[in-house]
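Me: Could you take a close look at one part of this model for me? I'd like to go through the ligand site in one piece.
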Amino acid sequence: MEENKYALQMQNITVKFPGVLANDNVSIDCKKGEVLGLLGENGAGKTTLMNVLYGLYPPSSGKILLDGKEVQIGSPSEAISHGVGMVHQHFKLVDTLSVIENVILGIPTKKQILDLEPARKKLLELCKEYELFVDPDEIVWKLPVGKQQWVEILKALYRDCKVLVLDEPTAVLTPAESDQLCCAIRHITEKGRSVIFISHKLREVIQITDRVTVIRDGKFIGTVDTKDATQLTLAQMMVGRPVSIERKERPEFEHREPILVMKNVNAVDDRGIPALKNMNLTVHAGEIVGVAGVDGNGQRELAECISGMRKLTGGSVTIKGKPVTGVIADPSFLGFIPEDRQKTGLVMDFTIADNLIIKDYYNEPFAEKNILNYKTIKKHARKMIKKYHVKTPSEDVRVRNLSGGNQQKVVIARELDPEPVLDLVAHPTRGLDLGAVDNVLDILMKERNRGAAVLFISAELQEVMALSDRIIVLFNGEIMGELDGATADQKVIGQMMLGQVPEVL
Ligand SMILES: Nc1ncnc2c1ncn2[C@@H]1O[C@H](COP(=O)(O)OP(=O)(O)OP(=O)(O)O)[C@@H](O)[C@H]1O
Ligand SMILES: [Mg+2]
C-alpha cells in the first residue's frame with residue numbers, strides 16, 4: 001500500500017458562534033514534512049480552525065484525519081496524544097513558573113516526588129537539536145517575549161508533536177528572532193514533522209512555507225504553491241484587492257507648538273536596571289515622531305513614563321506644559337495604545353461597549369447623575385464599530401471573543417476617537433492584517449493632520465518610514481540619532497538599531 005502523504009487533513013469544517021459563521025465548510029491539508037501557511041484577514045477564521053484541531057471547539061460538521069485516519073479530538077489533551085502541538089496567538093505560559101516547570105506542566109506522572117532532572121536533560125537536548133536556546137531554570141516572566149516563544153515551541157516538541165501549529169509566532173519577534181525561528185522550523189520539518197504557520201507578514205510566509213492556504217470570511221479561497229506566489233498575489237487573494245504600504249502624503253502643519261517635552265528622563269525597568277538614560281525628546285502638534293528600534297531597548301518604559309504608569313528616576317515629562325505625575329485618564333489629553341492590548345488595553349471579559357467607555361464612563365453623556373446610560377453607551381459602541389470596521393455581530397460581544405486584530409481596533413477607537421492632544425501609540429499594527437494596517441496608518445495620519453502630536457513606537461521599520469515626519473532610533477535606552485522621515489535610509493536606521501553610529505551622520 002502506498003504510504004499516506006498527508007499528516008493532516010481537515011475536511012468541510014464548519015464552526016458557528018452566536019451570530020458568526022467562523023468557519024464555513026473549510027478544508028485544508030498539510031503534507032508530512034511541509035510548512036503550510038494559513039493566511040486570511042483579521043477575523044477570517046484561522047485561529048478558530050486551529051482551535052478545532054486542538055480540541056477546543058467541536059465543529060458542527062466536518063472531519064479531521066491524522067496520517068490518513070479519522071480521529072475525534074475532544075480536548076487539548078486528546079490533541080496532544082494524537083501528536084498535535086499548538087502555540088497560541090496569545091501565550092499560555094505560567095509567568096511565575098520556571099521554563100522547565102512550564103514545559104512539563106500537564107504531563108501526567110505516577111511519581112509522588114517531582115524529579116526535574118530527566119526533564120531538564122531532555123529539554124536541553126531539544127534546545128540543542130533545534131537551536132532554540134533557553135535556560136531551563138529561568139522564571140518565565142523574566143524572559144523577553146521572543147524567548148517565551150521558544151518555550152512554547154519547545155513545550156510542543158517535548159510532547160513529540162507530529163503537526164505543530166504556530167499562530168502568529170512572529171508578531172512579537174524581532175527580525176533576528178524571526179530568522180532564528182525560520183531556522184528552527186526548517187529543522188522541525190526536516191525530521192518529518194509538519195508545521196502550520198499563521199502570519200500576516202507576507203515576506204515571511206513566502207520565505208518559509210511550501211504551500212499557502214487562504215481563507216476569507218470563514219470560507220476557503222484557495223491553496224497555492226509558495227514558489228508560484230508573490231506578496232502581491234497573496235495579498236490579493238486575502239483581501240480581494242491589491243494592497244501595499246507606501247509613504248503617506250502629508251500637508252505642512254503650521255502651528256507647531258511643543259506638546260510632549262521630555263527632559264533628561266531616566267527610568268529603570270521592572271528588574272531595576274536602567275532602561276532610559278538621559279532622554280530628551282520633544283513632539284510638536286501636527287507631527288508624527290516615529291520611534292524605531294529593536295524591541296526591548298526602552299520602548300515599553302518610554303511609553304510607560306509618558307502615560308504616567310512608571311515613575312521617573314530623574315528628569316521630567318510634560319504634556320502641553322503640565323507635568324505627568326500619575327496615570328492620565330483624561331481621554332481628551334492622552335490617547336494611549338499600549339503594546340499589550342490584552343493586559344493593559346482591554347478588560348477581556350467586558351463587552352465591546354463597556355471597553356469603549358472605560359476611560360470615560362463617569363462623564364456625560366455615558367453617565368447621568370451617576371447612573372450609566374446604556375442606551376447612549378450602546379449607540380456610541382455601534383458608531384465606533386462601524387467607523388473602525390470592528391468585525392462583530394453586536395456591541396454586546398465580550399472582547400475575549402473577538403479576533404486579535406479586532407480587539408486592537410476597539411483600543412484604537414477608544415483612545416483616538418476623542419481627539420486627544422497627544423497620541424502615544426505602541427505597536428498599533430501588531431497582529432493586524434494588511435488592509436487593517438493601512439487603515440491604522442491612515443488614522444494616525446489624520447490625527448497628525450488635525451493637529452495631534454503623535455509618538456509612534458513600532459518595530460516595523462517599513463511602517464515607521466511610511467508615517468514619520470521625524471524618526472528617532474532607540475538603542476539600549478538611549479536615542480542613537482534622529483533622521484528626517486522623508487529622506488531616512490533604511491540601511492542607516494538598521495545600523496543605528498544595532499547601536500552603531502553610521503558614518504554619514
Ligand atoms: N469563542 C468565540 N465566541 C464567539 N465568536 C468567536 C469566538 N471565537 C472567535 N469568534 C469569532 O469568529 C470569527 C473568526 O475569528 P478568529 O479568531 O478565528 O479569526 P482569525 O482569522 O484568527 O483573526 P486574527 O488574524 O485577527 O487573529 C471572528 O468574527 C470572531 O469574532
Ligand atoms: Mg487569530
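How far is an oxygen atom of ligand 1 from an N or O atom in the side chain of Thr47?

Reply: Keep in mind that this is a predicted model. In it, the Thr47 side chain has an N or O atom 2.7 Å from an oxygen atom of ligand 1. Two further contacts go with that one. The side chain of Glu168 places an N or O atom 3.5 Å from a ligand 1 oxygen, while Gly405 comes in through its backbone, with a polar atom 3.0 Å from an oxygen of ligand 1. As for cover, ligand 1 on its own has 640 Å² of accessible area, and the protein covers 90% of that.

Now the shell itself. Ligand 1 is surrounded by 20 residues, and Thr47 is among the closest, along with Gly43, Lys46, Thr48 and Ser403. By type, the shell splits into eleven polar, six nonpolar and three charged residues.

Next, where those residues come from. At least two each are supplied by β2 (20-31), α1 (46-53) and α13 (404-416). The biggest giver is α1, with three residues.

Zooming out, ligand 1 lies between domain 1 (6-239) and domain 3 (351-414), because both of them give residues to its shell. For the record side, the unreviewed UniProt entry carries the annotation "domain: ABC transporter" over residues 8-242 and 260-501. In the model, the span 260-501 is 32% helix and 27% strand, and its end C-alpha atoms lie 26 Å apart.

Note on methods. Residues are numbered from 1 along each chain as its sequence is written. Chains are lettered from A and ligands numbered from 1 in the order in which they are written. This is a predicted model: local features need pLDDT of at least 70, side-chain atom pairs count only at pLDDT 80 or more; totals for chains, interfaces and linings use all residues. Side-chain values use heavy atoms; hydrogens and water are left out. A residue is near a molecule or strand if one of its heavy atoms lies within 4 Å of it. A polar contact is a pair of N or O atoms within 3.5 Å; within protein, one must be able to donate a hydrogen and the other to accept it, and residues adjacent in sequence count only if both atoms are side-chain atoms. Accessible areas come from the Shrake-Rupley method with a 1.4 Å probe; for residues, only the protein chains shown count as cover. Helices (H or I, at least four residues) and strands (E, at least two) are DSSP runs, numbered from the N terminus. Ala, Val, Leu, Ile, Met, Phe, Trp, Tyr, Cys and Pro count as nonpolar, Asp, Glu, Lys and Arg as charged, and the others, Gly among them, as polar. Domain bounds come from an automatic or database domain assignment. UniProt positions are given in the numbering used here, feature names are shortened, and annotations may be inferred rather than shown by experiment.
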